[in-house]
Structure formats: C-alpha cells, structure tokens
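Student: Hi! Could you walk me through this protein? I'd like the overall picture and then a few local details.

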Amino acid sequence: MVIDITQERGLSHLDYKYLDGAPVCRFPLFNLLKPLPMDWMYLVYVVMFLGALGIMFGCFYRLSCLMFISSYWYVFFLDKTTWNNHSYLYGLIGFQLTLMDANRYWSIDGLRRPSIRNAHVPLWNYTLLRTQIFLVYFIAGVKKLDADWVEGYSMSYLAHHWLFDPFKVILPVELVSLLVIHGGGLVLDLSAGYLLFFDATRPYAIFFVSYFHCMNSQLFSIGMFPYTMLATSPLFCYFNWPRRFFSHFPAFCRVVLPFTSQEMQPSSSCVYPEVQSTSSERSETSTSVTKAPKMRLKHKLATIFTIIYIIEQLFLPYSHFITQGYNNWTNGLYGYSWDMMVHSRSHQHVKITYKDGKTGDIGYLNPGVFTQSRRWKDHGDMLKQYATCLSDLLPGYNITDPEIYFDIWVSINERFQQRIFDPRVDIVKADWSPFRPNMWLMPLLVDLSPWRTKFQEIEGSLDNQTEIVFIADFPGLHLENFVSEDLGNTSINVLQGQVKVEIVDEKKNYSLQSGEQMKVPAGAYHRVHTVSENPSCYMYIYVNTTEAALHENFTKLLELQERIRNGTETEPLPPELQPLAADDDQDESEVNVTDPIVRLFLKRQRRMKEVQKRREAGVLEKLERFAVKKYYTIRRGFLMTAIAMRNLAVGLPPMEQLTREVAFANMKAPQAEGNQDERLKDEVGHGEL
C-alpha cells in the first residue's frame, strides 16, 4: 500500500481528481459524503501513507493501523467509480491488521517495547488472513461457474494477447480461449486455496499462482493487486518460515536481518495449556497432567470475532437480495462480490437527452460531461446520481427544471448490443432505492444468448474491411442512428422479429421481416422501430470506405517507397511524393510535405518504427523505461503533497510562484515528452483520422 497510494489510490494525480470549485459530478456511497478542499485531501493521503508506512515498519502499530483504515475507507467510500474487488480487499486486510499482533517480529515497536519483542502471535491472526485469501480465490472460482465463463465468452479477447503465444503453438486461438483462459482460470481459482493449505501441494500451488498473478500484471491495469496476491502466498506456510529462511544467510549479514533464534517469549494474547505436577504417596516419581487452558475475556472475544467475520465474508457475496437496487446485469455491489473479470462489456451507443421543463426545448449532452468517470454507464445508482447532478448544473446554462433521459447500448459477454436503461424514463424523477429492484433497468436478453455462435460464423465469413454490429431491441422502442459519410454500403439485416426502418429526410418507412435486408443512406439519420411482439434482432453491415481507400493508398505509397530505397524506381517523382525519399530520422518540419495522404503515411511510418524499436528493446532498456516512468509518477505525487502541506501551514504563495512549483512537479522524463507512451500502442491503427 505504500507503493499503491501514489498510483492506484491517486496521490500522483490528486489535483486532477479533486478540482476545487469545478462543476464535477461525483459518485460517493452516501450522497452527503463530500471531498475536502484539495489541500486537505492531500493531508488525508499523507495520513494514509504514514499509516501504511507505520504498519510496514511496525512503528506505533495500532495508531498506524487506525490512521490507515480511517483515511482509506473515507477515500474508498468517496468514489464508487473506483470500486473494485482488490480495493475492497486492501481495506479488509487493513481492518484485520488493526486487531492483530503484527508488530511482534522485526519491528520498531519491538525495539521500543521488549515485552512484545519476538513474542508469540495467536493462531486466530493467521486463520483470519488465510481464510480471507482463500475466499478471494474460491469465491472468484464459484462466480466463474457461470454459463458465459464456462462456454468461453467472458474474456475471449485475451486469447490474442502475446502472453498466450506459447499455447498457440499447439492449440488454435479458440481452444486457447476456452481451455487455457476460461478453463484454467476456473480450475485455478477453485483449487488454489486448497492447494496452498496442504504441505504436499503448497510448492506447486505457489508456482502456479505466482505464474497466474505475473500474467495478470501484464494483462490488466489493476495496480498492485497481482503483487499483493504474490505477497499473500507465504501466509499459508508455517509461521516460522522467515526464521528458517534467514538462518541460511552468512553470519555477518544477520546483524541487519530478522531474528533467526527460535526462542520466543509468551504473549498475553495467546492461550497456553496449564501443566500441573502430581505425585503419588507410594511412589517417589511425579507425573505431569495437562489441564485445559483458562480462557480470558479477550480470548473469547477474539474467538467470537473470528467466527462472525468469516460468516460475514461468506454471506456478503450472496447478499444480493438485500442490495437489489445495485443489480445491473451483475449481482449486487460489484465491490464486495469477488466477481473478478467475469464479464466483458462493450458500448456501441450512448445518448443523453435533456428537456427544458419550462419551455419544452430538447437538446443533447456530450456523454461524460461534468464527470471524469465512465462507469456511470453501467450502474443504475451512479446513473441516478449523475442525472441528479446534471439537473443541478444545467440551470446555470438557462435550462429550467431539466428532464434527463439516457439511451445506453451495451453488449455483455459478446451478446447483442441492447439497452441497459429505459430511454423513456426521466432519471431525475425516477425512483431508486438500494433495497428495491430497479424498475427502469431493462432485462438482459439471455434468451438470445445462443445467437453468439451464429455471430462467430457471420463474422468469419466477412472480409477484413467489412464491419458488423449486432443489435437487439424491445417492442415499442426505436433506435435513432446516423450513418457517417465515411461508411459506404451500410445495410440492415433482420435476424429475428419485425422492424420498421424510417428514413428521416425522405419521410419514408420500410417494413422488414426476419431474413430481409435494406440499404440505408449515408450522411443521414434513420430510425429502426421494433414493431413485433417479441424483441427484434438485426445487424448493421458496413464498410469504412474512407479508411479502406486510405489503406489502399498507404499500400501503394509503401510499395513506391520500397522501390525508391532499393533503386528500382526509374520514373521521376512528382513534388508531392518526393518526401517519400527522405530519411526516416528527419523531422516532419524538415520535410516539405504538401500532400495530406503522404503526411499521414510518413507519420504512420514513424510511429510503426518507434513501436518496433520499443518491442525489440532489451530487458535493461525496458526496465529503465519502467523505472523512469514510475519515478516521475511518484515524484509528482510527493512534490504536489509538499506544496499542499506548505499551503496549509503558511498559506498560498503568489500565483507566479505556485505556477512555477506545479510546473516543476509536472516535469516529465525527456523520452516521455509529448505523451509518447500514450501515442505508441502495441497495435498501430489510424487514430490520426
């Protein structure tokens, strides 16, 4: 957590997250919970950081634990958009450590207080931590006993990642997805806790879970979670493994290493059996009798707490009948259910419509306006908070008593794109409660799930330039869509049900049955009305003609460039193509490029060369790049914190000085200038369009 606070917890970009005075919509657990002024938020993070540091060193341990969990849970509850399972896990472990004796071995408190130095730790401490990690694995596996996961639809896109290239040598991509990613993930989660528990299987379990977490660190942007789980594996070993491990070091190193002596002093937190000597009158010998230990109140409370906590952790992931208002195609509050990477989503269409309650004027908002998060699109509780916030902000833009309507289309686990919320409901006035079902949440069309096999067949029959989108809609609703002029030959094919296609400009309607299709004009709006009694299913098939033409031009320019460089091009080049003969290392400003297609081509060539260079970089170079990036991230966090603490202590300096200080904190590594890391992706596309 000492490392994590500067990154996933957000210390390095805290000033971007908590903008003082800016009209920002936030998503706290309780609407009354507000962020402090920005400088005070930095102080909260200082408290959290010092608490984590104190826990790590075992320094003023109880105080450090209280500092950490109070600030951590405040930040956690302050923003639901950052909720995930591992953030919840960090808070739980922090809470558990507050009640444990985790400062008995190699701690600063042990140096300060000889009475606790090298003392026994009660077994319930280990039991609680081991059970918590066991549940993280096991319940995540139980949650994967879902039809979508077992059939290989949840994370199929991962099969194309380079990490799975070794498996593709012997298996096709489809089987890598089904057997390795989905099957392997299910088996590992269900069995990891048991395998870690037993001595005979623990070495194998540690190997496989370590490999699993190292892969996760490359597959997902989940911060410190893989490294946290790596650090928890030794919890399942014998409690004295550090002593045995450090005893193998040379004697001169042991001065700075933890104790290796097995002599430990008793602790008042532990219960010891009482031994009583008895002697017989006829015999001079005495025997020892072990009596039941005496349980003090603190021991009984520790036992009760352990049992209650474990029961509560078993109950919460299945408590969805309580928090019914949070159900949005996933069960209950995502943050405590251990539904880790069980679902993949894609959003095809997001529209926010407002209506002036006084004049009746209708307008549209840019999706995501006044907020820094995108998770509101998938959660009814956040959508309600977002709509309420928008209704409070829009009167400042001469919109009175606004009504807010959301039309959001989502595909979950490769299903049809479908609405998640009712677009006819004004969310500002809509009723929502965490304890009642969300009535304006549209049901997931699970009856249409078998179509996914047909999707794969249809997509496999198309060429590389043809795109396809599968749509399902409810009776009585319609999809309003605009076909860009870049998209040529766009057609609608009805797969099931009956629809009416309305061409807005032509004011004409066309009825389509299952199996029928029609072309829709480019550069114009149309509406697709579902007129059948059951949900309709249809698909858009289109070609991005602009990108196809650009790709064709790029191919011709690449062939011409190759001929120029190998000397086989004998025809003189026209002025607009002469930049193709320039050196790749020349800057764009040094080459007079007049043709926009040639400019895009050269820009793409430079990007591809830089990507290739980064891919082929050695291990040391990659490690250096990683270390430099982390250094500047952590550096910014600490410098901005120092500025905030100075502001709280002595007040704000002149604006010129503050500007210089922030500019110094924002300093980037030389090779990262111009957001190079963000521009250089593994797969080079045509983002410049």
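Tutor: Happy to; we can start with the whole chain and then look at single elements and residues.

Student: What kind of model is this, and how confident is it?

Tutor: This is a predicted model. The protein chain has an average pLDDT of 87, and 93% of the residues score at least 70.

Student: Where does pLDDT stay under 50?

Tutor: That happens over residues 673-689, where the model has 30 contacts beyond four places in sequence.

Student: OK, how many helices and strands are there?

Tutor: The protein chain has 20 helices and 14 strands. Its C-alpha atoms fill a box of roughly 115 × 65 × 65 Å along the principal axes.

Student: And how much of the chain is buried?

Tutor: Of the 689 residues, 44% are buried. The accessible surface comes to about 37300 Å², with 60% of that belonging to carbon and sulfur atoms.

Student: What about charges?

Tutor: There are 67 positive and 73 negative side chains, and the centres of those two sets lie 10 Å apart.

Student: Let's zoom in. Which residues of α16 are buried?

Tutor: They are A548, L550, F554, L557, L560 and Q561. The buried residues of this helix pack against β14 (536-544) and α17 (596-615).

Student: How far does α16 reach from its first C-alpha to its last?

Tutor: Helix α16 covers residues 545-566, 22 residues in total, and reaches 32 Å, close to the 32 Å expected at 1.5 Å a residue.

Student: What comes just after α16?

Tutor: G567 does, with a positive phi of about 80°.

Student: Is N413 buried or exposed? And why?

Tutor: N413 counts as buried because its relative accessibility is 0%, and the cut-off for buried is under 20%. K507 counts as exposed because its relative accessibility is 75%, where exposed means over 50%.

Student: Last one: what about A642?

Tutor: A642 is in helix α18 (residues 619-650). With a relative accessible area of 45%, A642 is partly exposed. Its C-alpha is separated by 39 Å from that of G380, which is 262 residues apart from A642 along the chain.

Terms used: Residues numbered from 1 in each chain as written. Heavy atoms only, no water. pLDDT = per-residue confidence, 0-100. Contact = heavy atoms within 4.5 Å. Helix = DSSP H or I, 4+ residues; strand = E, 2+ residues; numbered from the N terminus. Expected span 1.5 Å × (residues − 1). Buried < 20%, exposed > 50% of the residue type's maximum accessible area, 1.4 Å probe, protein only. Areas by Shrake-Rupley, 256 points an atom, 1.4 Å probe, with all protein chains shown as cover. Lys, Arg positive; Asp, Glu negative; His and termini not counted. Charge placed at Lys NZ, Arg CZ, Asp CG, Glu CD.
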